[in-house]
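Visitor: I would like to learn how the features of a structural model are read. Please take me through the present case step by step.

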Amino acid sequence: LKLETSLRLALERQEFVLYYQPVVSLNLGQIVGFEALIRWQHPEEGLITPEGFIAVAKETGLIVPMGKWAIQEACHQLKLWQDQFHGQPELIVGVNLSARQFVQQDLIEQIQEIIEISEINPTGLRLEITESVIMDDVDATINLLKKLKSLGLKLSIDDFGTGFSSLSYLPRFPIDTIKIDRSFVGQMETDDGGENLAIVRTIIRLAHALNKDVVAEGVETASQLAQLRSLGCEYAQGYFFLKPVPADIVTAFVESHP
Ligand code: G
Ligand code: G
Ligand code: MN
Ligand code: NA
């Protein structure tokens, strides 16, 4: 079977699941939210990560219905967490939004409908958009981002630093959070010239100058964590804390670390 056909069937058969990776506050030492990441629970081959299928999903446009399902599923889960952890500091759930999803004519209506049907408080939803989405038509992008923001949700730029977006546009984007790409964090302490450390430091300063939160991705060691803390980074995610896991495992984790 062609992968495209298999993916189409998998969507119909509801074989996709969301895994969640905690985002941790470095000041509070607490989980402040999660990033939702799609997985394919294949009946014969077991759990398949997006590396194996996301490129084909993007090329064929299947990422549009898959991505919509992911937003619906993440909002359904967010509603459960908002009810269960009501009264505790708000948990933010981030969902990736691909370029093909971003340019759909009815994107705003779709997201609005998902928010209404799931009955979430939209302040707990964060859509993660990469720089590549943002580059094409800047004014149209800003308009669309403003409409998304008016739904009450949060926005982040994902994989920041890898897309060569013009920095001059950044202050005009109504985004809340900048996520530092894990390639910089991963090489922060190992490259000879210290370029990656310089990039991480610069992104953190830039984010703070623009009043944005900053999340470091791909933190794998205690030493990287200490370095990020000393640079004033407030939030991080990565295998050092927890790899992406099913919803019930992160629920148990939050219950035991109130
Ligand atoms: O979970 P990780 O393995 O490897 O995810 C790889 C990439 O797949 C992520 O960087 C992200 O861009 C993409 N991805 C994962 N889950 C989703 C999703 O629910 N929607 C979209 N649009 N992309 C996703
Ligand atoms: O591109 P995006 O940021 O949406 O996707 C995040 C990807 O990074 C996911 O595939 C996730 O599984 C992966 N990831 C999360 N934490 C780590 C980490 O500490 N190290 C590495 N190598 N990958 C990570
Ligand atoms: Mn992401
Ligand atoms: Na990223």
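**Metal sites and helix packing**

Guide: Along the chain, the donors of the manganese ion (ligand 3) follow the spacing E-x60-N-x31-E-x29-D. Donors are N, O and S atoms within 2.8 Å of the metal (3.2 Å for Na, K and Ca), and sites may look incomplete because water is not among the atoms. This is a predicted model, in which local features need pLDDT of at least 70 and side-chain atom pairs count only at pLDDT 80 or more, while totals for chains, interfaces and linings use all residues. Residues are numbered from 1 along each chain as its sequence is written, chains are lettered from A and ligands numbered from 1 in the order in which they are written, and side-chain values use heavy atoms, with hydrogens and water left out.

Visitor: Which residues are the protein donors of the manganese ion (ligand 3)?

Guide: They are Glu35 (OE), Asn96 (OD1), Glu128 (OE) and Asp158 (OD), and they lie 2.2 to 2.5 Å from the ion. Distant parts of the chain are linked by one pair: Asn96 is in strand E4 (residues 92-96) and Asp158 in strand E6 (residues 154-160), 62 residues apart. Helices (H or I, at least four residues) and strands (E, at least two) are DSSP runs, numbered from the N terminus.

Visitor: Is Asp158 buried or exposed?

Guide: Buried means under 20% relative accessible area, exposed over 50%, and partly exposed in between (1.4 Å probe, protein chains only). Asp158 has 5% relative accessibility and therefore counts as buried. Asn96, at 28%, counts as partly exposed.

Visitor: Which residues coordinate the sodium ion (ligand 4)?

Guide: The sodium ion (ligand 4) is coordinated by Asp158 (OD), Asp159 (OD), Glu217 (OE) and Glu217 (OE), at 1.9 to 3.0 Å. The spacing of these donor residues in sequence is D-D-x57-E. Asp158 bridges the sodium ion (ligand 4) and the manganese ion (ligand 3), which lie 4.4 Å apart. Since Asp158 lies in strand E6 and Glu217 in the loop between strand E8 (213-216) and helix H10 (222-230), the pair ties together parts that are 59 residues apart in sequence. Glu217 is buried, with a relative accessible area of 8%.

Visitor: How is the packing of two helices described?

Guide: Two packed helices are described by the angle between their axes and the distance between the axes. Axes are lines fitted to C-alpha atoms, for helices over the stretch in contact, and angles run from 0 to 180 degrees between N-to-C directions. Here, helix H3 (residues 63-84) and helix H5 (residues 107-118) pack at about 30°, with their axes 9 Å apart.

Visitor: Which residues in H5 meet residues in H7?

Guide: Leu107, Ile108 and Ile111 in H5 meet Leu144, Lys147 and Leu148 in H7, where contact means heavy atoms within 4.5 Å. By class, this contact of H5 with H7 has 5 nonpolar, no polar and 1 charged residues. Ala, Val, Leu, Ile, Met, Phe, Trp, Tyr, Cys and Pro count as nonpolar, Asp, Glu, Lys and Arg as charged, and the others, Gly among them, as polar. The axes of H5 and helix H7 (residues 138-149) come within 10 Å and cross at roughly 15°, which makes H5 roughly parallel to H7.

Note on methods
Angles under 35 degrees count as roughly parallel, over 145 as roughly antiparallel, 65 to 115 as roughly perpendicular and the rest as oblique.
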